[in-house]
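Please keep the structure in view while reading.

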Amino acid sequence: MSLKLSVIGCGYLGATHAACMSSLGFEVIGVDTDPDKIAMLSKGELPFYEPGLDTLLAAEIKTGRLTFTTDFSAVADADVHFICVGTPQSKDGLAADLTYVKSAVAAIAPHLKSGSLVVGKSTVPVGTAQGLRDQLAKSSPESDLAWNPEFLREGFAVEDTLTPNRLVVGVTNDRAENILKEVYKPIIDLGTPWIRADLPTSELVKVAANSFLATKISFINAMAEVCEAAGGDVTVLAKAIGYDPRIGNRFLQAGIGFGGGCLPKDIRAFMARAEELGAKQALEFLREIDAINLRARQRVIDVVRTELTDDLTKYTIAVLGAAFKPDSDDVRDSPALDIAAQLQAAGASVVVHDPKAIENARKRFPKLGFAGSVQECVKNADLILHLTEWREYRELDPNSLASLVKRKIIIDGRNALDRDKWREAGWQFHALGRTD
Ligand code: UGA
């Protein structure tokens with residue numbers, strides 16, 4: 001008989017995991033404490049923007065295999081329980097807030113049937129899984145706990161879940177591994193590498209991967225700073241070093257840096273945990289990675305001040321992009337939105353456009369100006385800032401925008417626009433890390 005699954009926490013990770021596991025043929029119950037989210041998901045509607053997940057969710061709801069509820073006792077029937085709740089940065093420091101993970105495990109514990117496997121997918125500080133397993137051993141001795149970190153990217157969530165580049169499982173015995181092999185059989189059959197690890201290594205794999213990615217981005221942004229000082233071009237530099245396969249050309253896009261609900265808080269939580277473990281020095285470099293990243297936001301603001309004047313109060317600035325990256329409506333720790341808010345705080349009149357993230361951006365910064373179209377956004381602007389590289393922005397016609405703005409100045413904060421095209425249309429074009 002096929003395994004039944006539960007998914008606890010139905011945000012980006014959980015909703016995606018639930019719909020994808022249902023598409024593999026499993027019966028899945030998704031549980032979340034937020035009744036509005038559950039009401040939407042139950043109707044097959046996605047509470048956030050994620051390409052392809054909307055249609056998959058609607059289709060899976062129709063099959064009857066996928067259901068959602070706020071009632072934790074509904075997990076009683078399931079054999080495998082995936083914990084997909086958030087682990088945000090805590091309010092009073094760098095560490096991760098584990099409240100949701102702990103309460104999710106506590107909430108399902110009384111309903112676990114004998115032999116069931118709890119599988120953590122949330123990103124947690126190393127040591128958390130063992131602690132939860134010990135706790136579970138007391139409250140539900142007939143169950144087991146494993147860790148199975150998730151590497152999905154927003155914007156590619158379905159693809160990354162159904163065709164991941166690896167599956168990593170942290171287990172303490174063969175039985176747990178075999179259960180997970182049964183769940184992921186269709187994905188393993190595609191030839192996906194399977195890595196069995198112990199619990200701490202599986203937790204570390206996740207934060208190590210995100211730390212490496214953050215380091216790559218800050219490395220190229222540090223090179224951008226040096227290019228600016230030395231009169232070089234970071235886009236050419238990135239291309240040239242990227243041909244070395246040991247370096248690789250991905251994640252070397254210089255600009256305003258990384259944001260989102262993962263990279264920034266994960267490197268900070270990793271530093272905090274290393275300090276607790278007495279390994280503070282090993283991760284000191286991540287402090288610099290964080291500092292380079294935040295400096296990139298400041299550097300854009302400096303370019304704005306150079307192009308206009310230090311006193312921004314008489315200027316209107318059009319900001320293209322609010323999401324932390326394209327194909328997402330997520331504005332958590334978004335560099336774009338942070339820059340927009342800082343410019344407004346400095347006295348500029350700021351109007352923001354984004355194809356999907358306006359609603360979330362408005363909730364976060366209700367006093368910012370927002371526009372429903374690029375044309376409306378740039379109207380009478382003294383300067384345009386391109387801060388999230390949506391395809392729609394790359395395809396803009398600089399000639400047709402020229403008549404709408406007050407001054408033809410654009411700063412490309414993502415190194416994604418065609419500089420020649422903008423210059424040919426008479427624009428002053430600036431980009432981070434390119435002196436020309
Ligand atoms: C990241 C990881 O890439 C996933 O593997 C991981 O599963 C996920 O975090 C997570 O921990 O849940 P995500 O936050 O969706 O995924 O976004 P990324 O695609 O990694 O981009 C992060 C940020 O880096 C964005 O703000 C993006 O604009 C920026 N970035 C990315 C650059 O500034 N330059 C680049 O070259 C690449």
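What volume does the largest cavity have? The points below begin with that question and then turn to an open pocket and to the ligand. The model is a predicted one.

1. The largest cavity. Its volume is about 90 Å³. The count of cavities of 30 Å³ or more comes to one. Rolling a probe the size of a water molecule over the atoms shows where such empty space is left.

2. The lining of the largest cavity. This cavity is lined by 13 residues. Those nearest its centre are Val 124, Pro 125, Val 207, Ala 269 and Phe 270. By class, the lining divides into eight nonpolar, two polar and three charged residues.

3. Elements around the largest cavity. H9 and H11 are the elements that give two or more residues to the lining of the largest cavity. H11 gives the most, with five residues.

4. The second largest pocket. About 230 Å³ of space lies in this pocket. It is lined by 15 residues, and Glu 228, Val 303, His 430, Ala 431 and Arg 434 are the closest to its centre. Two or more residues of this lining come from each of helix H12 (284-307) and strand E14 (428-431). H12 gives the most, with five residues. The lining of the second largest pocket holds four nonpolar, four polar and seven charged residues.

5. The shell around the ligand. How many residues surround the ligand? There are 21, and the closest are Leu 152, Glu 154, Lys 206, Asn 210 and Phe 324. By class, the shell around the ligand has ten nonpolar, four polar and seven charged residues.

6. A polar backbone atom of Glu 154 lies 2.7 Å from an oxygen atom of the ligand. For Lys 206, a polar side-chain atom is 2.7 Å from an oxygen atom of the ligand. A polar backbone atom of Phe 324 is 2.8 Å from a ligand oxygen atom. On its own, the ligand has 710 Å² of accessible area, and the protein covers 90% of this area.

7. Elements around the ligand. Helix H9 (199-230) and helix H11 (263-276) are the elements that give two or more residues to the shell around the ligand. H9 gives the most to this shell, with four residues.

8. The place of the ligand between domains. Why does the ligand lie between domain 1 (4-197) and domain 2 (295-431)? The ligand lies between them because both domains give residues to the shell around the ligand.

How values were computed: Residues numbered from 1 in each chain as written. Predicted model: local features only at pLDDT ≥ 70, side-chain atom pairs only at ≥ 80, totals over all residues. Heavy atoms only, no water. Near = heavy atom within 4 Å. Polar contact = N/O pair within 3.5 Å; in protein donor to acceptor, adjacent residues only side chain to side chain. Areas by Shrake-Rupley, 256 points an atom, 1.4 Å probe, with all protein chains shown as cover. Nonpolar A, V, L, I, M, F, W, Y, C, P; charged D, E, K, R; others polar. Domains from an automatic or database assignment. 1 Å grid on protein atoms, 1.4 Å probe; cavity = no way out; pocket = protein on both sides within 12 Å on 5 of 7 lines; lining within 4 Å. Points joined across faces, edges and corners; volume = space filled by probe spheres on them.
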